[in-house]
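User: Got a model open here and want to go through the ring packing and the confidence. Can you take me through it?

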Amino acid sequence: MLVLRLLNVVAPAYFLCISLVTFVLQIFVFIPSMFRDPSTTSLFSPALLHGALFLFLSANALGNYVLVIQSSPEDLGKDLNLGKGAEVADWLDGSRSPGSALPSTHFCRLCARVTQRHDHHCFFTGNCIGSRNMRNFIMFCLYTSLACLDSLVAGMAYISATLSMSFVDPLAFLTLLPHSISQFFSGALLSSEMFVILMLYLWLGIGLACAGFCCHQMLLILRGQTRYQVRKGIVVRARPWRENLQEVFGKKWLLGLLIPMQNVESSYRRQKEK
């Protein structure tokens, strides 16, 4: 448990550090290098277009990241008056089946709350993912993967211009890291250039991981399931996939794709208001 609590602090700090480094490289290194092309006009220069795209992706990724933290799943234990007695112990040791009282509920040891429609605990946000913040979490994963892809392309363009190399051959990227390490220790490669090359592989890894996680979550949503239900083998009632999507993304789903916003139309809130 101590390791998990430590990871709950280290993972968000790691994400914020990577975001800060990416922002600095984009604003102060990659985008200024694009202004050096004299063949483009100032209004439609690649630097301005790329800068606008990167700011849009970053604003959506960070905005949804904040909303995931703010829209914490509500503690159903308070509504059930579980307190700290024997009933909480039943939630902790698993002797009482959550599905027997409230379907799809789960007690998270790290957050110390009983949540409905529990999916999983995200260490990078330090928060549980449930009915209230699932859409923001998916948008966070989507825009983080796109921002990493954008940074990867910009970084490859910068390295290609700085080191006078071409990435037309797919093997060029695979052999870039070992070749760069040998050049760095021989003194032929600057430390700043080596740092950018390392960031290329980091962006690739984070981007692929976020994209894969986003696709996996979308598949579960179409089925009307959560990761917790799949892990515990809980059978859910089959519903049309359109209803499952609307339950998570709401009716204003298109606006949520472009602007970070809370999903105030979740089914759980409607049931609570009734």
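**Aromatic pairs and confidence**

Analyst: Y65 has 6% relative accessibility, so this residue counts as buried (buried is under 20% relative accessible area, exposed over 50%, partly exposed in between, with a 1.4 Å probe and protein chains only). This is a predicted model, where local features need pLDDT of at least 70, side-chain atom pairs count only at pLDDT 80 or more, and totals for chains, interfaces and linings use all residues. Residues are numbered from 1 along each chain as its sequence is written, and side-chain values use heavy atoms, with hydrogens and water left out.

User: How many aromatic pairs does the structure hold?

Analyst: There are 13 aromatic pairs. Rings of Phe, Tyr and Trp (its six-membered ring) pair if their centres lie within 6.5 Å; planes under 30 degrees apart count as stacked, over 60 as edge-to-face and the rest as tilted. One of the pairs is F56 with Y143, edge-to-face at 5.8 Å centre to centre and 80 degrees between the planes.

User: Which helices do F56 and Y143 lie in?

Analyst: F56 is in helix α2 (residues 46–70) and Y143 in helix α6, so the pair ties together parts 87 residues apart in sequence. Helices here are DSSP runs of H or I with at least four residues, numbered from the N terminus.

User: Are F56 and Y143 buried or exposed?

Analyst: F56 is partly exposed at 34% relative accessibility, while Y143 is buried at 7%.

User: And what about Y65 and F140?

Analyst: Their ring centres are 5.3 Å apart and their planes at 50 degrees, so the pair is tilted. Y65 sits in helix α2 and F140 in helix α6, 75 residues apart. F140 is buried at 5% relative accessibility. Y65 and F140 also belong to one aromatic cluster with F15, F137 and F213.

User: Switching to S151. What does S151 touch?

Analyst: S151 touches T22, Q26, F30, F54 and W203, leaving out residues up to four places away in sequence; contact means heavy atoms within 4.5 Å. S151 is in helix α6 (residues 134–163) and is buried, at 0% relative accessibility.

User: Where is pLDDT below 50?

Analyst: The chain averages a pLDDT of 83, and 81% of the residues score at least 70 (pLDDT is the predictor's confidence in each residue, from 0 to 100). The pLDDT is below 50 over residues 91–101, a stretch with 16 contacts beyond near neighbours in sequence. Residues 267–274 also stay under 50, with 12 contacts beyond four places in sequence. Where pLDDT is low, the predicted coordinates should not be read in detail.

Terms used:
Helix = DSSP H or I, 4+ residues; strand = E, 2+ residues; numbered from the N terminus.
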